[in-house]
Amino acid sequence: MENGGCHRRLNKYTCATVLAASIVSAMFGYGVMSGALIFIQEDLQINDLQIQLLVGASHLCALPGSLVAGRTSDYIGRCYTITLASIAFLLGSILMGYGPSYPILMIGNCIVGVGVSFAMVVAPLYSTEISPPSSRGFFTSLPTLSVNTGFLLGYMSNYFFEKLPHKLGWRMMVAVPAIPSLCLIILMLKLVESPRWLVMQGRVGDALKVLLLISTTKEEAEQRLRQIKCVVGIDENCTLDIAQVPQKTSSGKGALKELFCKSSPPVRRIFITAVGLHLFLRIGGSAAILLYSPRVFERTGITDKSTLMLATVGIGISKVVFAFISIFLSDRFGRRILLLVSAVGVTVTMLGLGICLTIVEKSIEKLLWASCLTVILTYIFVASMSIGIGPVTWVYSSEIFPLRFRAQGLSVCVIVNRMMTVAVVTSFISTYKAITMGGIFFMFAAINAVALVFYYFLPETKGISLEDMETIFERNSN
């Protein structure tokens, strides 16, 4: 088992490669429509139900995309899959910016949803497979930091474009991702493929060339190659540049069926753990906060649109700052500790928001202190989520699957992620109208308390090589 202790120095090429690939995650983050929704509703004269459907459309269309994203990345490679995601973002953003009517806006949003599903699967997958064990938490957190940076840029664009005429302002908000999408399509032509995918295709010589670029020493590169060859089923002493591998290994054929029906107890536990992480990430209320924060703030008496947009910029700043801090903590303190600390934070803040909003709803006059406290608690919730549960869910779930199941197992996680997001964002308005705004945040607090118990029983994966993950879960399942 390799802990990577002797390879603490970050490889600059690896860092540059993961940062470049993470642009696709920033475009996903930028796609947040919380600010644009207010102006879209006014301009197109649509009702709350249509707004809920619009918000849910991209997540709903991400479901079939997620289903094929893992198999696609197994078949054509991680780099080309990122390129496909970028093309979807480019086409969808242009169509949404054009958006003369609600149906056209929906179509563009659905195309973006396909890009989102591909990005959510392949960005953490690529980062995980490029990274060395000693700094995998750092590198695999970069796509999440990129998502949060995209959120901040989205909130900032909402604030600045809000000053333009309505018909132009919201179109600018949703069309901007077309520019980085085009840049990434060009940039991906220069990036290296995942060495683990190359070995799965039998391209051992090409994999070694990549590993020499992304490792700090030649010895480290050769050691990582030997481990990967063993997992794929190639003799570790084989010196051929092109090796024979089973077809089901190179194409990913039958991996899902085996994962669901014929997996070993350790792999089954890995699968349940990964799905559980994504389930709690989404039903804990983070998507509702990010998309409906202007509506929540409005409920406390903040009605000026410019003030609402400025308040959401604070959410973006909080996400970026604490996601940035998190990338340095994952490899130092471990994934499990960050999950536990984060879960305590989000549970307490959701409880506080529930109390605060219940007081506001029962008061007959505007309470300035309640408005301020709601905004502050929202920022603390976002900070708590961004330092632990947000990034660690992706780090943990992308690193624990065995190589044969990794891409398609992560696809299943993204499907669960998107399904739960659709459920939350399309029902949020209806639910808070039924049980009050305070009531829905009490519900989120209870869910996060259950998640805290779930995180407590997870094994630590800090510093463990990808090829040894199954052993960790086998030891913990006995």
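Trainee: Okay, what does the lining of the largest cavity have, by class?

Mentor: Its lining has 28 nonpolar residues, 15 polar ones and three charged ones. Keep in mind that this is a predicted model.

Trainee: Got it. How many residues line that largest cavity, and which lie nearest its centre?

Mentor: There are 46 lining residues. Nearest the centre you'll find Phe28, Val147, Phe151, Arg282 and Arg418.

Trainee: And where does the largest share of that lining come from?

Mentor: From helix α7, residues 136-161, which gives eight residues to the lining of the largest cavity.

Trainee: How much space lies in there?

Mentor: The largest cavity holds about 670 Å³.

Trainee: Back up a bit. How many cavities of 30 Å³ or more does a search of the whole structure find?

Mentor: Two. The second largest cavity has a volume of about 30 Å³.

Trainee: Which residues line the second largest cavity?

Mentor: Ser286, Leu290, Lys319, Phe381, Val382 and Met385. By class, that lining has four nonpolar residues, one polar and one charged.

Trainee: Which helix gives the most to it?

Mentor: That's α19, with three residues. Both α16 (286-299) and α19 (368-387) supply at least two residues each to the lining of the second largest cavity.

Trainee: Is Cys413 buried or exposed?

Mentor: Buried, because its relative accessible area is 0% and the cut-off for buried is under 20%.

Trainee: What about Cys230?

Mentor: Cys230 has 44% relative accessibility, so it counts as partly exposed.

Trainee: Where is Gln45 found?

Mentor: In the loop between α3 (34-44) and α4 (48-76). Gln45 is also exposed, with a relative accessible area of 65%.

Trainee: And what is phi near for Thr436?

Mentor: Near 80°, again a positive value in a residue other than glycine. Thr436 has its place in the loop between α21 (403-435) and α22 (437-456).

Technical notes. Residues numbered from 1 in each chain as written. Predicted model: local features only at pLDDT ≥ 70, side-chain atom pairs only at ≥ 80, totals over all residues. Heavy atoms only, no water. 1 Å grid on protein atoms, 1.4 Å probe; cavity = no way out; pocket = protein on both sides within 12 Å on 5 of 7 lines; lining within 4 Å. Points joined across faces, edges and corners; volume = space filled by probe spheres on them. Helix = DSSP H or I, 4+ residues; strand = E, 2+ residues; numbered from the N terminus. Nonpolar A, V, L, I, M, F, W, Y, C, P; charged D, E, K, R; others polar. Buried < 20%, exposed > 50% of the residue type's maximum accessible area, 1.4 Å probe, protein only.
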